[in-house]
Amino acid sequence: MLRTAICPGAFDPITNGHLDIIKRATALFDRVVVGVAATPIKKTYFPLEKRLKLVQIVCHDLENVTVKPFSGLLVDFARQEGATAIIRGLRAVADFDFELQMALMNKKLAGDIETIFLMAATEYSYLNSNLVRQVAMVGGCLKGLVPPVVEQVLEQHYRLR
Ligand code: ADP
């Protein structure tokens with residue numbers, strides 16, 4: 001039986017921290033579905049189409065990775081995809097409270113789906129999409145923080161505003 005995992009997120013936009021988690025998930029599962037949340041809890045800066053497109057471009061070369069948008073309950077999306085696990089990245093203690101709540105709620109809603117936490121890589125442990133956008137807004141260098149295509153899109157986006 002093929003083992004499938006979901007990597008959900010807002011990806012607003014996708015960073016090298018997200019990408020690292022997705023790649024590591026592919027080493028653990030036969031199939032990884034990256035779920036781009038249409039209406040995440042936090043309001044997003046970029047619309048779904050843009051967030052989705054960038055994740056699709058960045059994951060294009062990754063074998064066994066499919067990128068899909070989803071709305072509604074994450075566990076319903078996981079079921080639809082035949083996934084048995086939800087993969088989340090843990091950066092700092094600050095992530096833990098929220099992630100624990102989400103994992104326990106998802107367990108309550110779907111007891112057969114496990115949440116698996118991967119620790120953030122040291123070099124990306126301070127990285128989040130919000131910070132990346134703030135750096136881009138004031139013209140800071142994003143090299144090594146986001147994939148090159150995201151760097152280009154952000155540079156263009158903030159230059160044209
Ligand atoms: P963020 O929390 O940055 O707004 P998302 O909501 O898109 O990002 O998060 C999707 C998933 O990716 C979450 O599990 C989150 O913990 C993880 N993640 C985000 N940034 C990183 C990072 N730099 N290193 C490891 N995991 C990360």
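Which element gives the most to the lining of the largest pocket? The tour ends there.

The model is predicted, so local features need pLDDT of at least 70 and side-chain atom pairs pLDDT 80 or more, while totals for chains, interfaces and linings use all residues. Residues are numbered from 1 along each chain as its sequence is written, and side-chain values use heavy atoms, without hydrogens and water.

**The sheet.** Select the strands (DSSP runs of E, at least two residues; helices are runs of H or I, at least four; both numbered from the N terminus). Five of them form an open sheet with parallel pairing, in the order β3-β2-β1-β4-β5; pairing requires at least two DSSP bridges.

**A strand pair.** Select residues 4-9 (β1) and 85-90 (β4): these parallel strands are joined by two bridges. The bridge partner of A5 in β4 is A85.

**A helix on the sheet.** Next, select α2 (residues 48-59), which packs on the sheet and touches β2 and β3; contact means heavy atoms within 4.5 Å.

Now select P8, G9, A10, K42 and R88, the closest to the centre of the largest pocket among its 49 lining residues. A pocket is an open set of points on a 1 Å grid over the protein atoms alone, where a 1.4 Å probe fits, with protein on both sides within 12 Å along at least five of seven lines; lining residues have an atom within 4 Å of a point. Finally, select α4 (93-109): α4 gives the most to this lining, with nine residues.

Definitions and conventions:
Axes fitted to C-alpha atoms, helices over the stretch in contact; angles between N-to-C directions.
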